[in-house]
Amino acid sequence: MRRYGKHTDEDDIRQRPNRKGTRPRTSIRPKHEDAVEGMVLTVDRGRLTCLVDDRPVTAMKARELGRKAAVVGDRVSLVGDLSGEKDTLARIVRIGERSSVLRRTADDDDPYERVVVANADQLAIVTALADPEPRPRLIDRCLVAAYDGGLSPLLVLTKSDLASPDALLEMYGALGVPHVVTTRDEFVGGAAAERVREHLKGRTTAFVGHSGVGKTTLVNALVPPERRRTTGVVNAVTGRGRHTTTSALALPLDDEEGGWVIDTPGVRSFGLNHVDPSRVILAFPDLVPGTENCPRACSHDEPDCALDAYVAEGHADPARLVSLRRLLATRERREGD
């Protein structure tokens, strides 16, 4: 028995409501012309703390951004409640163009690229000369990531009272990387921070290093006391540091020159699966002219590479070519090798 008879166009036929609403879908998205600019300070489980007009504002990513994620250092546009008061939430509707990116993968076989920091000018690679032992391969990988991402590297060697820095400085001397060597006493007294600060004025600097090297301790000495982070100690059994920093955090420098420091979690591996080796050569401007006669898709570490003849003719320091090839080879070597 038909409930409504043969004529299904009668006025009394009930229509099921549209669960998704009656408003038609459209590809036109709001322009958010009233959005306010801000900077991402930290990211924690989908919530982003942004600096908006000198006050912290909690925000989340708008759905229209899709899979595009905002990271520490990003310049973003926000709408919604921008008061920064407790239990308020704004929305990030735009992510600005990035001037630089520090990226890594979990290992060299991992296809998933992680952007750690955006818009940093400099990468401070912090390593201890002892307790824990230095890992040159990890330093090499950080240098490659810096050159690939458009950041200038800075080498910070700590605990020089326990071991000499001469071997490491000789290894990286040909690269021309600026460096600061410090002792444990200088960390306590603040002299280390003052010498590092000279390289940070007016710049945004990301700090990276494996756990236990004094990275967060150094960052704490650079920023106001109320913004300092928790630090840990080296495990006496394994000789490795304990993770105390679990998320990247941008902090303003406490001086008139301006500038920011970004403390990142301690790393035990730094995958380079995302790096295009052809971009690393750009960090060696003295060698770039010599690549004009290289074979197509030259790896710069093969018999037909034109850089060998270029260096042999005296156009560049041979040590520079050795350094370039050592960095290019880091993708084929594990950090502990």
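Q: What does A145 touch, leaving out residues up to four places away in sequence?
A: A145 touches L102, R103, F270 and L272. Keep in mind that this is a predicted model, and that a contact here needs heavy atoms within 4.5 Å.

Q: Why is A145 called buried?
A: The label needs a relative accessible area under 20%. A145 has 1%, so it counts as buried. You'll find A145 in helix α1.

Q: How far apart are the C-alpha atoms of A145 and V280?
A: They're separated by 8.7 Å, while the two residues are 135 residues apart along the chain.

Q: What makes Y147 and F284 an aromatic pair, and what kind is it?
A: Ring centres must lie within 6.5 Å, and planes over 60 degrees apart count as edge-to-face. Y147 and F284 are 6.1 Å centre to centre with 65° between the planes, which makes this pair edge-to-face. Y147 lies in helix α1 and F284 in the loop between α6 and α7, so the pair ties together parts that are 137 residues apart in sequence.

Q: Are Y147 and F284 buried or exposed?
A: Both Y147 and F284 are buried.

Q: What does L175 touch, not counting residues up to four places away in sequence?
A: Its list has L143, Y147, F284, R320, S323, R326 and L327. So L175 touches both members of the aromatic pair, Y147 and F284.

Q: How do you know that β1 pairs with β2?
A: Two strands pair if there are at least two bridges between them. Five bridges join β1 to β2, so they pass, and they run antiparallel. V43 stands opposite L48 in β2, for instance. The two strands form a hairpin with two residues between them, and R45 in the turn has a positive phi of about 50°.

Q: What about β1 and β4: how many bridges join them?
A: Four, and these strands are antiparallel too. Here G38 has V76 in β4 as its bridge partner.

Q: Why is D53 called exposed?
A: Exposed means over 50% relative accessible area. D53 comes in at 57%, so it counts as exposed. D53 lies in the loop between β2 and β3, and it has a positive phi of about 50° although it is not a glycine.

Q: And what makes D87 exposed?
A: D87 has a relative accessible area of 74%, which means it clears the cut-off of over 50%. You'll spot D87 in the loop between β4 and β5. D87 isn't a glycine, yet its phi is positive, about 65°.

Q: What makes helix α5 mostly covered?
A: Six of its eight residues are buried. Among them are K215, T216, L218 and N220.

Q: Which peptide bond is cis, from D131 to P132?
A: That bond is cis, with omega near 5°. P132 is found in the loop between β8 and α1.

Q: How many helices and strands does the chain have?
A: The chain has eight helices and 13 strands. Of its 337 residues, 46% count as buried.

Conventions: Residues are numbered from 1 along each chain as its sequence is written. This is a predicted model: local features need pLDDT of at least 70, side-chain atom pairs count only at pLDDT 80 or more; totals for chains, interfaces and linings use all residues. Side-chain values use heavy atoms; hydrogens and water are left out. Buried means under 20% relative accessible area, exposed over 50%, partly exposed in between (1.4 Å probe, protein chains only). Rings of Phe, Tyr and Trp (its six-membered ring) pair if their centres lie within 6.5 Å; planes under 30 degrees apart count as stacked, over 60 as edge-to-face and the rest as tilted.
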